[in-house]
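Good morning, and thank you for coming. I would like to take a few minutes to present one protein and its ligand.

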Amino acid sequence: MEKIQVNIKDVLSMVSLNAIESLSDEAKDALRKLQDGTGAGNDFLGWVKLPGETDKALLDDINAAAATLREVCDVVVCIGIGGSYLGAKAVISALGNSLGLTKPGCPEVLFAGHNIGEDYLYDLQQYLQGKRFGIIVISKSGTTTEPAIAFRLLKEQLEAQVGRAEAGKRIVAITDAKRGALRSLATTEGYKTFVIADNVGGRFSVLSPVGLLPIAVAGYDINALVDGARFMEKATLSGTDSAAFTYAITRNALYRAGKKIEILVNYNPRLHFVSEWWKQLYGESEGKDHLGIFPASVDNSTDLHSMGQWIQDGERSIFETVISVDKVNHTVVIPSDADNLDGLNYLAGKRVDQVNKMAELGTRIAHVDGGVPNLQIILPEVNEEYLGQLIYFFEVACGISGYILGVNPFNQPGVEAYKRNMFALLEKPGYEEETAAIKSRL
Ligand code: PA5
């Protein structure tokens, strides 16, 4: 297996190699803390060695549960939010048909619980009417409101459609081993369950059952995904590969040089949700104590005709990290046309990907000329193994980067603020004081 590569040549006109390399010792220290558990948030480091520690028995159990769901369901709804949603969504979208079509022989995988849109839930319920459907409900805490609402609605619908006993066979819960409402509910109802380890935080959980079960249900090879992650884990932790290191120190050097916004760029629509997953990983890990690079993303060429103007000419507070895919999965050649009315014959015989790559290169040169440092992450192909590598690469680089920044990358205290207000406004029992306080402000 090749390794994914990081290329920093197009940042060097804006930040010196010295400035980048001066962070090497901090990065080494950060990696050591991730390995020996001496840094902040050290009770959430289970993900560091997770790929290497994931045994065949667990993968077999997940594959067997996925096979059962595939057998009895035409649609599987994955309920979860944040880290209990984005990893599976990212991998399934990256590996799947570009138009969202289901893999032959596999159920359609839909998502819920990541919003509280009444119309979204209505449309979903209508769509599921009379269909053979199942549910994977995922919540580490087991108490998150958004997925809990979606689960209550869909559980009721499933039980009404097939009866409580049969519904129980089509529901799998992924949650804490002991705590939380979802754990007690799953125990009472006798659902098949998988455990999210205490020391694996939500946004670092895609390589646990949280991501692996939905990915397997959708028909993708979770053993290869974990193999790719293991490969990167081994290479990074043994010090033989420095890609994550290079990425972490370069983005911190850019941040210190005033580049406060990082835009993750792709030229392959299938990577859209990889960017969404990455935004959560970095945003929730680093945005605290009034610090942190703001993670943004664009999908090109689409956004070259929208955000491209801002990136080329707007405030110079940004840098880009481009995920370049070496080899696409299919071949489409631009045909010659005898009349050439559209003037496109100069492209005849070229693959669409050749044109895409020139759009990518042309954009990189233009943006660098316009004062936007460009990092490049080179992914040999979009398949399970390389996605596994990429996931681990981003996770470990995030841990290193957060420690260099000086924050605890593994908590998310800021997420509680909206919840307190929402509960107070909804008059949740136990929030009486907050309710009175917030009402006095309205
Ligand atoms: O990264 C995190 O920890 C969060 O984004 C959680 O994944 C998210 O809040 C969902 O939490 P839970 O799985 O407890 O429902």
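I shall describe the domains and then turn to the ligand.

This is a predicted model, in which local features need pLDDT of at least 70, side-chain atom pairs count only at pLDDT 80 or more, and totals for chains, interfaces and linings use all residues. Residues are numbered from 1 along each chain as its sequence is written, and side-chain values use heavy atoms, with hydrogens and water left out.

The protein is divided into domain 1 (5-39 + 226-405) and domain 2 (50-223), with bounds from an automatic or database domain assignment. Their C-alpha centres lie 29 Å apart. To the contact (heavy atoms within 4.5 Å), domain 1 gives 24 residues and domain 2 gives 27 residues.

Which residues come nearest to the ligand? Of the 13 residues around the ligand, these are Ser 84, Ser 139, Ser 141, Thr 144 and Gln 280; a residue is near if one of its heavy atoms lies within 4 Å.

Next come the polar contacts, pairs of N or O atoms within 3.5 Å. A side-chain N or O atom of Ser 139 is 2.6 Å from an oxygen atom of the ligand. For Lys 140, a polar backbone atom is 2.8 Å from a ligand oxygen atom. Glu 284 places a polar side-chain atom 2.9 Å from an oxygen atom of the ligand. The protein covers 88% of the 390 Å² of accessible area that the ligand has on its own, by the Shrake-Rupley method with a 1.4 Å probe.

How values were computed:
Polar contact = N/O pair within 3.5 Å; in protein donor to acceptor, adjacent residues only side chain to side chain.
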